[in-house]
Amino acid sequence: MIVPTMSPLRADLYPSLGDFFRACGEGHMADWEWNPANTLLALHEDRVVGFVSAWVDGQPYAWIDPLLVHPDHRNQGIGVWLGWTMEAILQKRGVSVIRVLARDDGDLIPQLKRCGMKLKGSYTILEKTYAAS
């Protein structure tokens with residue numbers, strides 16, 4: 001088990017985010033622009049092992065998306081630690097309702113429920129793909 005350190009998003013960590021997102025199966029996120037004020041990283045030996053970002057959807061609502069932990073470091077409490085820390089930051093900013101868009105891939109939904117989250121409705125994602133022109 002590792003003991004990561006918490007870090008805000010810093011410019012010098014951007015290069016390592018691409019590898020992190022690809023390892024988590026979310027390589028498309030490597031090119032996204034993240035708000036450093038709403039993004040926290042879990043680091044181990046200057047390597048990103050966890051990531052959480054949030055956006056405020058008008059008071060009192062905020063969304064946590066994404067909350068990711070590197071596959072090599074899952075089931076060690078890193079995601080819970082990041083989630084609780086982001087929750088505390090958002091509460092200090094006046095947010096009273098936090099929503100998480102989560103993929104039901106086995107362990108995630110039960111972990112979120114243990115953190116006090118409740119299922120709120122159900123969503124279906126629809127997608128249409130176009131051939132490249």
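Me: Is R10 to be read as buried, partly exposed or exposed, and at what relative accessibility?

Reply: The category follows from relative accessible area, where partly exposed lies between buried, under 20%, and exposed, over 50%. In this predicted model, R10 has 30% relative accessibility and therefore counts as partly exposed.

Me: How many salt bridges does the rule give, and what does D19 pair with?

Reply: The count is 2. D19 pairs with R22, and their closest N and O atoms lie 3.0 Å apart. Both residues belong to helix α1, and because they are 3 residues apart there, about one helical turn separates them. D19 is exposed at 51% relative accessible area, while R22, at 49%, is partly exposed.

Me: Which residues of helix α1 are buried, and what covers them?

Reply: Within α1, residues 14-23, the buried positions are L17, G18, F20 and F21. Their cover includes the strands β2 (39-44), β3 (47-56) and β4 (61-69). Just after the helix, G25 adopts a positive phi of about 80 degrees.

Me: Where in the chain is confidence lowest, and where is it highest?

Reply: The chain averages a pLDDT of 86, and 91% of the residues score at least 70. Confidence is lowest in helix α3 (residues 108-114), with a mean of 79, and highest in β2, at 95.

Conventions
Residues are numbered from 1 along each chain as its sequence is written. This is a predicted model: local features need pLDDT of at least 70, side-chain atom pairs count only at pLDDT 80 or more; totals for chains, interfaces and linings use all residues. Side-chain values use heavy atoms; hydrogens and water are left out. Buried means under 20% relative accessible area, exposed over 50%, partly exposed in between (1.4 Å probe, protein chains only). Helices (H or I, at least four residues) and strands (E, at least two) are DSSP runs, numbered from the N terminus. Contact means heavy atoms within 4.5 Å. pLDDT is the predictor's confidence in each residue, from 0 to 100. A salt bridge is a side-chain nitrogen of Lys or Arg within 4 Å of a carboxyl oxygen of Asp or Glu.
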